[in-house]
Amino acid sequence: MLKNRLITRRSALWLGLGTVVGIGALVKGKTTDWSDRNQVLGTPKRDFSVVGKFSLKQRAASKGLIYGIAITYPSISSDQKLAALIAQEGGMLVPEWELKWQPLRPDPVNFDFTRTDWIAKFARTHGMLMRGHTLVWHESLPPWFKETVNRQNAKQFLTQHIQKVVGRYAGQMHSWDVVNEAIDVDDKQPNSLRKTTWLELLGPDYIDLAFRVAAEADPKALLVYNDYGLEYDTPRHEAKRNAVLKLLKGLKSRGVPIHALGIQSHLDASEKHFNPRKLKNFLSNVADLGLKILITELDVTDNKLPLNPAVRDRIVATVYEDYLSTVLSEKAVIAVLTWGFSDRDTWLSGFRPRSDGAAVRPLPLDANLKPKLAWNAIARALDRAPKR
């Protein structure tokens, strides 16, 4: 997430193992208008068949990639069937919630690592890598934060938090989302920085500080800047891509220890503007900085699609396959993580529900833990990816 300065041990940890045969061709062309295509995507025009009985993590590893899954403690600890499927299919775990400030810090002094420790043990037991999400974010701050943290002590709180959390899992984490969502072009701040509590308390240097402290706490972990809204050919996404690229260039120019960009990729199946060429150019520009790239929070929102589940599933699968075929053509992309694995646990049920009350279907498995066409689409894109 420095191309020329990676040590062997870190390189091996980042990339995983492997080798299987790929199929198909990359998506090419101009802006894709999904809404115009929705009329025909419900018919069996695209073949989503897959070759072999390999898991997603095996297909990824065969290309030097990692396939990972975001989970929550309640879901994975209470559902043995889901846990077994995640261990079978995933090469990496990332806690969706448990490592954010609010659940981790019940008060200004104490930390509660109970749930994260359980997840870390699960990952070790099943030979899975683990990611940390997230050390610095403007959301999910605990109730006590506003009354306790101020300009005089904010640097101390931030530094001690990173030292404590990263230090606890030093040597166990593949990567950390060190700073999350620090760019917002609508806030009209210098360099398009988001107007957050951290920016107000510490100024723009809080980003550099976070990466430097994290690197000291765990020199072996891959350190990532993570953000959303970078995928589509729209003025807003274009402006954000430019702002993120400027941020990354600035960090690199100052010698800040950043290793990768995380692209969340919460995709919208009804979005009209997907331009593979523009996205690939952006990925290439990131790679030219010596940075790796992770697709960190992938899912496909279907809340504006037709009611028929079969139609929706084909459209969602098409979005998965076309998007992943594009991003995986860039060899700096080393990992793909879906933000959940089964529709029964997706955050989109609450944040982007359907107006007709039907259950959303954005993930590889349905609510009964059965693979959908989305699983096939991910498998096919991994099979086609060039080997790292």
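Helices (H or I, at least four residues) and strands (E, at least two) are DSSP runs, numbered from the N terminus. The structure is a predicted model, in which local features need pLDDT of at least 70 and side-chain atom pairs count only at pLDDT 80 or more, whereas totals for chains, interfaces and linings use all residues. Residues are numbered from 1 along each chain as its sequence is written, and side-chain values use heavy atoms, with hydrogens and water left out.

Helix 12 spans residues 235-253. Its 19 residues reach 27 Å from the first C-alpha to the last, close to the 27 Å expected at 1.5 Å a residue (the expected span is 1.5 Å times one less than the number of residues). Buried residues of helix 12 include His237, Lys240, Arg241, Leu247 and Leu251, where buried means under 20% relative accessible area, with a 1.4 Å probe and protein chains only. The buried residues of this helix pack against helix 11 (205-217), strand 5 (222-227), strand 6 (260-263) and helix 13 (276-288). Gly255, which follows helix 12, has a positive phi near 75°.

Glu330 is located in the loop between helix 14 (309-327) and strand 9 (333-338). This residue is buried, with a relative accessible area of 16%. Apart from neighbours within four places in sequence, Glu330 is in contact (heavy atoms within 4.5 Å) with Leu283, Ser284, Ala287, Ile293 and Arg388.

The structure contains 12 aromatic pairs. Rings of Phe, Tyr and Trp (its six-membered ring) pair if their centres lie within 6.5 Å; planes under 30 degrees apart count as stacked, over 60 as edge-to-face and the rest as tilted. Trp101 and Phe145 form an edge-to-face pair, at 5.6 Å centre to centre and 80° between the planes. This pair links distant parts of the chain, with Trp101 in helix 6 (residues 101-104) and Phe145 in helix 8 (residues 145-148), 44 residues apart. Trp101 is buried at 3% relative accessibility, and Phe145 is buried at 4%. The pair of Trp144 and Phe157 is tilted, at 5.9 Å centre to centre and 40° between the planes. Trp144 lies in the loop between strand 3 (129-136) and helix 8, and Phe157 in helix 9 (residues 154-168), so the pair ties together parts that are 13 residues apart in sequence. Trp144 is buried, with a relative accessible area of 12%, as is Phe157, with 14%. One aromatic cluster is formed by Trp101, Trp144, Phe145, Phe157 and Trp198.

How values were computed:
Buried < 20%, exposed > 50% of the residue type's maximum accessible area, 1.4 Å probe, protein only.
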